Every structure is written in structure tokens, then in C-alpha cells.
Amino acid sequence: MADEAKYRVGMVAKMTGLSTHTLRMWEKRYAAVLPQRTEAGGRLYTDADVGRLRLLHTLVDSGHSIGGIAKLPDVDLRHMAAAFPAPSSQQPPSKHLPEVRERVMTAIERLRVEEAEQLLSRAALSTEPVEFLKMIVAPILVEVGERWENGSLRIAHEHACSTVMRGLLFSLMRLYPSNDSRRRAVVATPAKEDHELGALMVAMLAAMHGWNVLYLGPNLPAEEIAYAVDATEAELLLLSVTNLSKKASQTEIAAIAEQVPERVKILAGGRNAAVDAGSRVEVQQDLEVASATLSW
Ligand code: B12
């Protein structure tokens, strides 16, 4: 019988590659798998439990936090494992990333958006999420900006690229299903800030770490952001500022911080994010550090 509880913890450790300590911790702290018990109190796992633990192990190895994924149903874990398998040990993904970037840039130059989407989706399949953002998405956006500024790409290229990135980041974010029992985060850009791709990047990272993300998009007045935080009882507010002047960033972020309750952690990023001296808002640019802050 497939679902008969028959494996003891030591055997499950061998079958999954997880230590018995990790198995017990994932059970106690996160209720990731709840094995049956023998009369003497020993743990007994089914084949389904072992399959689930293997999926969780794969996802944790590819950069997900156990707290964020422990309670997801198997079907969601399978989707995520298909989208972010552990990087192959024979071919470190970083080696291919410059080539992927070049091919995406060529596709954008030719306005071949489907090709760009396919290249990017395939890269997302084989790259750890933060590395994917840092090594592929962000450098492509910077290059498009520079080439738009020096005239070697047109506004149409920049819009095509932004549309591809927006769709991709949004669907990656939605790979992590939201769940009412999770802590809530609101993500937005302040008023007059139309650049939303940084906000989408951190929204995706927050979802990956198990936050229930309300993504509001770009250009929101302070009172609307504060309203959304209040209405959803969010514990975290993520803001992104790319083009506002430093002064405007300080003013907008100060207005937001004033209207959002003290209990809410506010993290801002983006190339032009700036806050007043002594502000309670933390500014962070590095997505890897931000990712660690977002894990819980
Ligand atoms: C795409 C794009 C647009 C699109 C945006 C579409 C969209 N849906 O987002 C559109 C067409 C709207 C646009 C408009 C404009 N743009 Co524009 N745009 C860009 C471009 C190419 C990419 C922007 C982007 O997403 N960058 C990537 C972001 C995410 O990088 P980042 O801010 O450095 O953030 C990094 C980290 O800080 C972190 N991060 C970001 N947010 C957060 C948040 C948190 C919480 C954390 C922890 C981390 C974090 O992640 C990033 C990883 O590297 C940039 C080029 C560039 N170098 O960025 C130009 C750029 C930003 N744009 C520019 C300009 C001039 C404009 C316009 C004024 C053009 C015009 N004349 O109309 C308008 C202004 C619109 C407005 N009112 O805001 C200039 C800004 C110059 C400046 N002020 O310094 C740039 C730099 C282009 C250039 N080289 O000249 N743009």
C-alpha cells in the first residue's frame, strides 16, 4: 500500500539526504511533515511523506526558506521545483549567464519579445532566484537604460523589455501561492515613481520567503499605501525608488513612514532611494542582503 506508514526516521534520513535532526526540526518548528507514531512514540513515515520531504529538500537547496514553503500543498511544491530545480553540479549556472544576457539583448534589439521571454523563463528554471535577478534581470535593465540614453536603443526597445520583465517577474511571484495564515507584506512605489521593476523583484523575493504579498504597483500617494498596510494588517512594507530625486524620495518616504504604524517594518531600495537622517526606514540595495532580511 503506497500510503502505509513504514519508514523509521533513520531510514527516511538515508532516503531524503536530510539529517534526523533536520527532519525533527522541520516537523516541530514548521509542521512540514507530520509522521505517524508507533506505540512507543517512534516516528513512522509514508511514501508520500518521503516524496514531500525530497521536494522540500530540493527547494531549500535551490534557495527557498523552509519557513516559506513548509506548509504548501505538494502540488505547489512540485510546480516550484519544476520552475526552480537545484542548479546542476556539473554546469554552474553562472557560467551561462553572460551568454543568456547577450541572447536576451539581441532578441530585444530585434523586438523578438517571445524569444526574450523564452530565454528568460529557461534561465529562471536553472538559476537560483536571487542570482537570476542579480545576474540577468538587473544588468539587462541597466544596459537597456544606458543604450536608450546613448541612442543605440529606442523607446520601443525599452518598453518591449519592460513589458517582458514585468510579465516574467509577476508570474514568478505568483509561483508562490499566498495563504491567509502567512504574514502580510505590501509592495509599492511612492507617488510619481513609475519604475516598478525593482518593486516587483522584491515582491517576488518576499513571496519566495513565504510572505503573503499585496503588490500595489507604481506611483501611489502616501495615504493609499498607508491605507493598504492598515487594511491588510501588513507587518512589512517594501518601497522602491528608481527615478525620483533623492530629495523627493526623502519627502515621499517620510510622508509614508508618518502614516504607517510603528509596528510595521519599512524597507526601501532602488538606485535613488533616500531617507532623512534618523528615519526608521531601512534602505537596502543588495538583493541578496534583502533576501536574507526577508527570510523568516
Ligand atoms: C524600464 C525603465 C523605464 C520604464 C519603467 C517601466 C516599468 N514598468 O517599471 C518607463 C518607461 C516607465 C520609464 C520612464 C522614465 N524613465 Co526610466 N528607465 C527604465 C530602465 C531602463 C530600467 C528601470 C529599472 O527597472 N531598473 C532596475 C532597477 C530595479 O534598478 P535599481 O533602481 O538600481 O534597483 C536595484 C536595487 O536597488 C534593488 N532594489 C530596487 N528596488 C528595491 C526595493 C527594495 C525594498 C530593496 C531591498 C531593493 C530594491 O534592485 C535593483 C537590483 O539591481 C532604467 C535604467 C536603469 N539603470 O535602471 C531607466 C531610468 C531609470 N529611467 C530614466 C529616465 C530619465 C526616465 C524618464 C524620466 C524618461 C522620460 N523622459 O520620460 C521616465 C520617468 C518616469 C517616472 N515618472 O518615474 C533614467 C533615470 C535617470 C536618473 N534620474 O537618475 C534611467 C536610469 C535611464 C538612463 N540611463 O538615463 N523608465
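## Inside helix α8

The model you are looking at is a predicted one.

How far apart are the end C-alpha atoms of α8? They are 29 Å apart, which agrees with the 30 Å that the 21 residues of this helix (residues 129-149) should span at 1.5 Å a residue. Along the way there is a kink of about 25° at A138, shortly before the proline P139. Just after α8 comes G151, whose phi is positive, at about 85°.

## The chain as a whole

Stepping back, the protein chain contains 13 helices and 8 strands. Its C-alpha trace spans about 70 × 45 × 25 Å along the principal axes. The chain has 296 residues, and 46% of them count as buried. If you take the contacts between residues at least 6 apart in sequence, 68% of them join residues at least 24 apart.

The domain assignment divides the chain into domain 1 (7-83), domain 2 (93-174) and domain 3 (184-294). Between the C-alpha centres of domain 2 and domain 3 the distance is 24 Å. Contacts link these two domains, with 15 residues of domain 2 touching 15 residues of domain 3.

The size of an interface is often given as the accessible area lost when the parts come together. Here, domain 2 and domain 3 bury about 1300 Å² between them, and 82% of that area is on carbon and sulfur atoms. Which residues of domain 2 lose the most area to domain 3? They are V130, L133 and M173, together giving 39% of what that side buries.

## Two histidines to find

The ligand carries a cobalt atom, and its only protein donor is H195, through NE2 at 2.3 Å. To find H195, look in the loop between β4 (184-190) and α10.

Another histidine, H57, sits in helix α3 (residues 47-61). Is H57 buried or exposed? It is buried, because its relative accessible area of 18% falls under the 20% cut-off. Leaving aside residues up to four places away in sequence, H57 touches T16, G17, L18 and W26.

## Positive phi away from glycine

Most residues other than glycine have a negative phi, and most peptide bonds are trans. With that in mind, two residues are worth a look. N219 is not a glycine, yet its phi is positive, at about 65°. This residue lies in strand β5 (residues 212-220). With a relative accessible area of 36%, N219 is partly exposed.

E233 also has a positive phi in a residue other than glycine, with a value near 55°. You will find E233 in the loop between α11 (222-232) and β6 (236-240). Why does E233 count as exposed? Its relative accessibility is 62%, and exposed means over 50%.

Conventions: Residues numbered from 1 in each chain as written. Predicted model: local features only at pLDDT ≥ 70, side-chain atom pairs only at ≥ 80, totals over all residues. Heavy atoms only, no water. Helix = DSSP H or I, 4+ residues; strand = E, 2+ residues; numbered from the N terminus. Expected span 1.5 Å × (residues − 1). Bend = angle between axes of the 7 residues up to and from the residue. Donors = N, O, S within 2.8 Å, 3.2 Å for Na, K, Ca; no water. Domains from an automatic or database assignment. Contact = heavy atoms within 4.5 Å. Buried area = accessible area lost by both parts, 1.4 Å probe. Buried < 20%, exposed > 50% of the residue type's maximum accessible area, 1.4 Å probe, protein only.
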